[in-house]
Amino acid sequence: MNLSTNTIGDSQVITVLEARIDASVAIQFKDTMRKLTEDAPNRVILDLAQVEFIDSSGLGAIVASMKQLGADRKLDLSGLSVNVDKVFRLTRMDTIFGIFPDLETATKASA
Amino acid sequence: MPQLKTMEFKVDSGPTAARTCIETATEFLARNGTEPNRCPSLELVLAEVLNNVREHAYAEQDSQDIALELELTGDHLLVTCIDFGAEMPNGKLPDGKAPTLNMPRQDLPEGGFGWFLIRNLTTSLKYTRLENCNHLAFSLPIGD
């Protein structure tokens with residue numbers, strides 16, 4: 001599962017370099033996120049700008065990734081496409097995450 | 001009489017079942033003059049339905065058959081998904097209630113959204129068990 005990681009300001013930025021987070025890759029996504037965020041700072045931004053599609057398994061893996069950070073660290077999302085945003089909105093998971101239109105807006109917003 | 005366009009195909013129950021089904025259905029629509037953006041829920045609904053068949057009817061076994069029938073009318077795509085796996089628990093469709101989210105973050109659900117999404121995005125959803133086969137039928141609107 002192709003993810004890249006960077007530090008921008010106080011945040012760890014993880015960019016998903018895949019077009020789909022679906023049932024066939026959900027477990028790999030969750031495992032890779034756990035490894036990449038082991039020593040994460042208080043705020044992690046998951047940039048989904050390249051992701052065209054998630055299903056409920058992909059959504060669950062993103063929720064799991066947030067829970068893996070523990071109660072004291074935050075997972076924000078950026079760059080949701082129309083189809084990805086729709087899954088968050090229908091399940092009302094858009095109320096659970098900080099969601100930003102793009103990475104630049106996300107990094108400028110305070111944690 | 002409106003003109004009907006139909007297709008029948010099979011996919012293997014392996015990990016790429018959903019992706020293969022989505023590609024085939026999208027090509028079917030395109031061949032019949034329907035751009036994918038006119039059926040925006042096709043991908044998500046097929047993903048949820050096929051994932052359920054793989055995980056629950058076939059308990060994640062590969063190499064089992066999943067049969068699909070597509071029927072395109074002027075304003076709907078009718079889909080029937082047939083598998084030869086385990087019966088739906090209690091012989092009927094899950095309620096698929098909207099997920100409850102008012103709980104501490106660490107207790108949030110990581111699953112159980114699939115049937116809610118299927119029910120939300122389809123019409124005429126119907127499950128039948130016939131001669132050891134599961135038949136799931138539903139309709140997806142084709143928009144402008």
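**Notes on the A–B contact**

I started with the charged pairs: chain A and chain B share 4 salt bridges, a salt bridge being a side-chain nitrogen of Lys or Arg within 4 Å of a carboxyl oxygen of Asp or Glu. Over all chains, I found 13 salt bridges in the structure. One pair I looked up joins the side chains of B:Glu110 and A:Lys67, at 2.9 Å from N to O. This pair crosses between chains: B:Glu110 sits in the loop between β3 (76–83) and α3 (114–121) of chain B, and A:Lys67 belongs to helix α2 of chain A. Helices (H or I, at least four residues) and strands (E, at least two) are DSSP runs, numbered from the N terminus.

A word on the source: this is a predicted model, where local features need pLDDT of at least 70 and side-chain atom pairs count only at pLDDT 80 or more, while totals for chains, interfaces and linings use all residues. Residues are numbered from 1 along each chain as its sequence is written, chains are lettered from A in the order in which they are written, and side-chain values use heavy atoms, leaving out hydrogens and water.

I checked confidence next. Chain B averages a pLDDT of 95 (the predictor's confidence in each residue, from 0 to 100), with 98% of its residues at 70 or above. The model's scores are ipTM 0.95 and pTM 0.95.

How many residues does each chain bring to the contact? I noted 29 from chain A and 25 from chain B, with contact meaning heavy atoms within 4.5 Å.

Then I looked up the area. The two chains bury about 2,300 Å² between them, 56% of it on carbon and sulfur atoms; buried area is the accessible area (1.4 Å probe) that two parts lose on being put together, summed over both. In chain A, the residues that lose the most area to chain B are A:Ser56, A:Lys67 and A:Leu90, together 25% of what that side buries.

Last, I looked at a hairpin in chain A. Strands β1 (residues 3–8) and β2 (residues 11–16) run antiparallel, joined by 6 bridges; strands pair if DSSP finds at least two bridges between them. A:Ile8 stands opposite A:Ser11, and A:Gly9 in the turn has a positive phi of about 65°.
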